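Subject: Handover of a structure and the findings from it

Dear colleague,

Please find the structure below.

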Amino acid sequence: MAARRIACLAAGLWLAGAPVFGADPAVLAPRVPPDQMAEVRTWANPFPATREHVEQGKALFHGKGFCAACHGQDGTGLGDVPGVRGALPRNFTDRAWQAARTDGELFWILKHGSPGTDMASFIPLVLTEEEAWHVLLYIRSFGRT
Ligand code: HEC
C-alpha cells in the first residue's frame, strides 16, 4: 500500500516537473494548424532586433500586454496567475522550444491564441500588429540569455 502511494507520488512529481525539460514533445508540437503552416512560416518580423526595438517589446511585455503575469517577469513561465488551467504558460528561456518555432508561428499565436489553453488572442484587442512584432523581439531575446 505504502509503496504504491510512493509510486503514485513519484509519477505525479515527474508529470508536474515535465514542462521544465526543454524537449517535452507536448510543448514542441506545432500550434498552427497544418493547412496554414506553409503560409505562416513565410511571415517575417519586419523590425530588426535593435536594442531600441527589443526595449519597446519589453515595455509591452511588462505593461499593457501583461504577458509577464503568466509568463513570469523573467520569461520562465512561472508567473502565478490564479486559475490558469491545463497547459502551463510557455517558458521562453527553453532553447529547444525557441528553435522549434518560426517568428510567423509566434505571430499566429498572438493573433489566434492557442486554442484550448489560457493563451488568448491579443491582436487586435490588446496589441496592434506592430506592437506584437516588438513583443516577439523581446521573447526571442530570452532564448539568447
Ligand atoms: C492568462 C495567462 C497568459 C497571458 C496573460 C499570456 N500568456 Fe502566452 N501562454 C499562456 C499559456 C497557458 C501558454 C501555453 C499554450 C500552449 O501550450 O499551447 C502560452 C503560450 C504562449 C506562446 C507559445 C505558443 C507556442 O507556439 O508554443 C507565446 C509565443 C506566448 N504565449 C506569448 C505571449 C505574449 C506575447 C503575451 C502577452 C502579450 C502572453 N503570451 C500572455 C498563457 C498566457
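How many residues does helix 8 have, and how far does helix 8 reach from its first C-alpha to its last? Helix 8 has 14 residues and reaches 21 Å, close to the 20 Å expected at 1.5 Å a residue. The expected span is 1.5 Å times one less than the number of residues. Helices (H or I, at least four residues) and strands (E, at least two) are DSSP runs, numbered from the N terminus.

Two remarks on the source are needed. This is a predicted model, in which local features need pLDDT of at least 70 and side-chain atom pairs count only at pLDDT 80 or more, while totals for chains, interfaces and linings use all residues. Residues are numbered from 1 along each chain as its sequence is written, and side-chain values use heavy atoms, with hydrogens and water left out.

The protein chain as a whole contains eight helices and zero strands. Of its 145 residues, 36% are buried, where buried means under 20% relative accessible area, exposed over 50% and partly exposed in between (1.4 Å probe, protein chains only).

Helix 8 is largely enclosed by the rest of the structure, because 12 of its 14 residues are buried. Among them are Trp 133, His 134 and Phe 142. The buried residues of helix 8 pack against helix 4 (51-62), helix 6 (95-100) and helix 7; contact here means heavy atoms within 4.5 Å.

Now to the ligand. The shell around it holds 24 residues, of which Cys 67, Cys 70, His 71, Ser 114 and Met 119 come nearest; a residue is counted as near if one of its heavy atoms lies within 4 Å. Helix 7 gives the largest share of the shell, three residues.

Finally, Thr 117 sits in the loop between helix 7 and helix 8. Thr 117 counts as partly exposed because its relative accessibility is 27%. A polar atom of its side chain lies 3.1 Å from the backbone nitrogen of Met 119.

Yours sincerely

Conventions. A polar contact is a pair of N or O atoms within 3.5 Å; within protein, one must be able to donate a hydrogen and the other to accept it, and residues adjacent in sequence count only if both atoms are side-chain atoms.
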